[in-house]
Amino acid sequence: MINQLVKNIKKLDAPIVVGLDPMLSYVPEHIQKAAFDEYGETLEGAAEAIWQYNKGIIDSTYDLIPAVKPQIAMYEQFGVPGLAAFQKTCEYAKSKGLVIIGDIKRGDIGSTSKAYAVGHLGQVQIGDKKFSGFCEDFVTVNPYLGSDGVRPFMEVCKEEKKGIFVLVKTSNPSSGEFQDQEINGRPLYELVAEKVASWGEEVMGDDYSYVGAVVGATYPKMGEILRKVMPKSYILVPGYGAQGGQAKDLAPFFNEDGLGAIVNSSRGIICAYQQEKYSSFGAENYADASRQAVLDMKEDLKQAFVR
Ligand SMILES: O=C(O)c1cc(=O)[nH]c(=O)n1[C@@H]1O[C@H](COP(=O)(O)O)[C@@H](O)[C@H]1O
């Protein structure tokens, strides 16, 4: 899948992933009304609303972007119907040729990580048959439990030719509380990055590894160091846009050839119609506003390559 992701990025000249993080308050009134008329103001109604909202965004952007990143928390808040909307969103995006990065941030003791990996990236054995519970191509993995919490994901990735993005330096304001702590004079995120590089060598695609990393756009200086520590790992870069990360700071995350990183924007794209800049589209045309926001992001990111 890493080969497919790189291929899509090259073809579209767009190192962009749209984060499908739907909150009910983002869903335009007319979509909410139709869903609630059909299912009532229930979990099912909310799940239908976020699915229809996602579908509109996918339909208006799939030809511009290589991948989407649905954040499972936004779906889980609506319980089982929400998870069904997550699955429907992943399947639909896949049918449009998009690579799916499931933002699930899992990681546990080995046997439990194995179940997460099988459920989201692999296939579960039932009797003589195997079934895919969910169908992502990549998932995000929390490395706090160490190698035995990550290796089960790597094993499934090897079998299924899928991939993971391991949290190395996250974009949030408190990320330094633990991640920047020094151990023998070196920050923890650098030690995690070294581990990512060595795990990555075990499961290589053509040019990049099945094991990628997450590094926040909000920490570009660290991004510069981490790019060098993990030369074969693709870096998923969240934090652009709504969290304040700017295109001018993104150059260090990329290699000289413009590859090596993919930048996520969730609210900046999916809620574009609620921003002053795109207000002329109106709620009815929210998906067109999202398309314009992707085109503007693509243009904006070109600054990252002006070194
Ligand atoms: O793994 C992630 O994607 C992630 C890591 C990180 O360090 N920071 C971060 O914001 N994210 C996710 O990226 C998305 C950012 O959303 P926006 O701030 O709306 O673009 C959310 O789904 C976050 O959960």
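Helix α9 passes helix α10 in a right-handed crossing (the near helix is turned clockwise from the far one by less than a right angle). The model is predicted: local features need pLDDT of at least 70, side-chain atom pairs count only at pLDDT 80 or more, and totals for chains, interfaces and linings use all residues. Residues are numbered from 1 along each chain as its sequence is written.

The contact of α9 with α10 comprises seven nonpolar, no polar and two charged residues. Here Ala, Val, Leu, Ile, Met, Phe, Trp, Tyr, Cys and Pro count as nonpolar, Asp, Glu, Lys and Arg as charged, and the others, Gly among them, as polar. From α9, Tyr189, Glu190, Ala193, Glu194 and Ala197 meet Met222, Ile225, Leu226 and Val229 of α10 (C-beta atoms, placed from the backbone, within 7 Å). Helices α9 (188–202) and α10 (220–229) pack at about 30°, with axes 9 Å apart. That makes α9 roughly parallel to α10 (angles under 35 degrees). Axes are lines fitted to C-alpha atoms over the stretch in contact, and angles run from 0 to 180 degrees between N-to-C directions.

The ligand is surrounded by 20 residues (C-beta atom, placed from the backbone, within 6 Å of it). Gln71, Thr170, Pro238, Ser266 and Arg267 are the closest. The shell holds three nonpolar, 14 polar and three charged residues. Strand β12 (261–265) and helix α11 (267–270) each supply at least two of the shell residues.

Overall, the chain has 12 helices and 12 strands (DSSP runs numbered from the N terminus: H or I, at least four residues, for helices; E, at least two, for strands). The C-alpha trace spans about 60 × 55 × 35 Å along its principal axes.

How values were computed:
Parallel < 35°, antiparallel > 145°, perpendicular 65-115°, else oblique. Contact = placed C-beta atoms within 7 Å.
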